[in-house]
Amino acid sequence: MRNKIVKNILVAVLIFISILLFFSTLSLPQKEEVAKLTLNDLAKGINENRVSRIVVEGEIIKATFIDGKKGETKKEVETSLSETLRNFGVAPEKLSQIPIEIKEESSLKFWASILLPSLIPVIIIGIFFWLTFRQARSGASQVFNFGKSNIRLFTPFKDRITFADVAGLKEAKQELMEIVDFLKNPKKYLDLGAQIPRGVLLLGPPGTGKTLMARAVAGEAGVPFFHISASEFVEMFVGVGASRTRDAFATAKRAAPSILFIDEIDAVGRERGAGLGGGHDEREQTLNQILVEMDGFEKDAQVIVLAATNRPDILDPALLRPGRFDRRVVLDLPDLSDREEILKIHARNKPLAANVDLRQVAIRTPGFSGAELANLVNEAAILAARKGKNKIEQIELYEAIEKVLLGPERRSRVLSKKEKEITAYHEAGHALVAACLKHADPVHKVSIIARGQAGGYTLKLPSEDIYLRTRKQFLADMAIMFGGYSAEEITFGDISTGASNDLQVASEMARKLVTKYGMSEKFGPLTFGKTQELIFLGKEITTEKNYSDAIAYEIDKEVEKLIQRSYQAAKKIIQKKKGVLEFIAKTLIEKETIEKDEFEEIIKKFKIKKEEIS
Ligand code: ADP
Ligand code: MG
Ligand code: ZN
């Protein structure tokens, strides 16, 4: 933009100068030896008959002498030549013998004197515009560029990320290795008439490394990698999504072989015609354009489109058709050994104390995503720095787990003595019930220090990675929820608001057991209600009722039965082990937190045996 303006101005100036030069050279006399004369000399020469010719050009008088010499002088302004010379004592009859030629003023001067006065304002205005425009340009450039995608290019050799930087995810790597191989040796595949994969969709929960994996593919293949987030297609102006899409694809094609990565494609790729936003909107046009572009690839175009999403369920089926994103690579949450690997990768350039055992950290973090583990290591480093240590120790890593899980501790929240007591008994109730039930997850920590939203917390973690939960486990979980409630009830004969969240979670769980998981005795393997996720809120908000009111009544009764069963189980445990409850609560009031080992010792001391919910 700016270069163009400068160029235009330069061209204008050059044209102007060349016009001037042209006219001036046309009429410029050849250069000759010209001596400066005074008017006196000239007058004397005329009187002595030595002047053969005189030319007057404006004020300039050019005299040619008989001996061939030439001289030049100026006459007085506003007087005629004859008058001037007469004033210098030239006899009129001498002057009349000499041929006198009167010429127009020099053409250079003539043109300049005509053009300059009119050109100067134009030039000044031009410069003024240029300056103001240059200032406004920075702000306005986005306006002029709005049809362009702000696509980012990662050159594969700078900050190169390879598969070695991505822990675990073996199956995904294997699948993507094929893509890499294709980009490296396309000929091998084309010679066999193989269809080149067009689009690969990376699926997985948030933070499992989809973006990271895409960059690793580019790094492995050593090809240009264009990165754009789908939401940027539709960012600022309405109606630019389609042209940005075109631009992004065109850019990638020009650089082929290359990878075009569309992150968070669900932002534009949602099922068309679904949801609340009206049918024919910006998103839809952008999505249509993506489909058109992917269909428009020539057979041997070496551009592979990678896309990532954590909501494959809401994607438009047209995107998943053969020839588009027909390959799907699933990135799962990491299992135990993968978690250890991820921790190792992120601890690589951080000083760890000799006592650090990342395996133990991995054991305590089931369900953590790669991003959460990366965050965990970072939090541990921050904690260690805050404590003035120069190495990260195991304790910081453990603390970081809780910070990532529950939010930062809020030690500043001041509890009154009574509140502290209630919280202590409440948490002791959770912990005790958990310790007594066979199908409950082991207790890792009990604390009455406020964290995030919670007043206190009992941290239970499954002892291994679990993908399925059973009915017995659900019942145990619900009983543990009621443990806090029962402990308050039995100890103080009163209930506080601190239990409300537990109750809510427990009743939601009970309802799901009946209507979704087929875990009630009465209905057995039946599910009720059809939940539909409304796209824009991304949450379950409507449940279509596909059963009669009579069934609804029965469902409510079943839910209540489950709740009563787990509540009574919790209550029975608390009543029977009141002594243990009191011991745990007192310890909590004194120390505020009980760690896993200490808690297990208490359980051993009171010889607690695990039982099943009857
Ligand atoms: P997603 O795109 O799936 O939401 P990202 O790729 O942005 O997740 O991951 C966020 C960060 O988490 C990465 O930058 C990386 O530091 C870390 N991470 C996630 N998965 C892994 C993994 N498998 N190995 C190493 N680091 C990981
Ligand atoms: Mg991402
Ligand atoms: Zn509670």
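Modeller: Let us begin with accessibility: a residue is buried under 20% relative accessible area, exposed over 50%, and partly exposed in between (1.4 Å probe, protein chains only). Aspartate 181, at 22%, is therefore partly exposed. Please note that this is a predicted model, in which local features need pLDDT of at least 70, side-chain atom pairs count only at pLDDT 80 or more, and totals for chains, interfaces and linings use all residues. Residues are numbered from 1 along each chain as its sequence is written, chains are lettered from A and ligands numbered from 1 in the order in which they are written, and side-chain values use heavy atoms, with hydrogens and water left out.

Biologist: What makes lysine 188 and aspartate 181 a salt bridge?

Modeller: A salt bridge is a side-chain nitrogen of Lys or Arg within 4 Å of a carboxyl oxygen of Asp or Glu. The closest N and O atoms of lysine 188 and aspartate 181 are 3.0 Å apart, so the pair meets the rule. Lysine 188 has a relative accessible area of 46% and is therefore partly exposed.

Biologist: Why are lysine 576 and glutamate 611 called a salt bridge?

Modeller: Their closest N and O atoms are 3.8 Å apart, and the limit is 4 Å, so the name applies. This pair links distant parts of the chain, 35 residues apart: lysine 576 is in helix H20 (residues 549-576), and glutamate 611 is in the segment after helix H22 (596-605). Helices here are DSSP runs (H or I, at least four residues), numbered from the N terminus. Lysine 576, at 57% relative accessibility, counts as exposed, whereas glutamate 611, at 23%, counts as partly exposed.

Biologist: How many salt bridges does the rule give?

Modeller: The count comes to 32. One of them joins glutamate 598 and lysine 591, at 2.5 Å from N to O. Salt bridges that share partners also join Lys387, Lys389, Glu393, Glu396 and Glu399 into one network.

Biologist: How do you know which residues are the protein donors of the zinc ion (ligand 3)?

Modeller: Donors are N, O and S atoms within 2.8 Å of the metal (3.2 Å for Na, K and Ca); water is not among the atoms, so sites may look incomplete. His426 (NE2), His430 (NE2) and Asp502 (OD) lie 2.0 to 2.1 Å from the zinc ion, and therefore qualify. Histidine 430 lies in helix H17 (residues 417-436) and aspartate 502 in helix H19 (residues 500-515), so this pair ties together parts that are 72 residues apart in sequence.

Biologist: Why are histidine 430 and aspartate 502 called buried?

Modeller: Histidine 430 has a relative accessible area of 7% and aspartate 502 one of 12%.

Biologist: What makes the contact of ligand 1 with glycine 207 a polar contact?

Modeller: A polar contact is a pair of N or O atoms within 3.5 Å; within protein, one must be able to donate a hydrogen and the other to accept it, and residues adjacent in sequence count only if both atoms are side-chain atoms. An oxygen atom of ligand 1 is 2.8 Å from a polar backbone atom of glycine 207, so the contact qualifies. For leucine 212, a backbone N or O atom lies 2.9 Å from an oxygen atom of ligand 1.

How values were computed
Helices (H or I, at least four residues) and strands (E, at least two) are DSSP runs, numbered from the N terminus.
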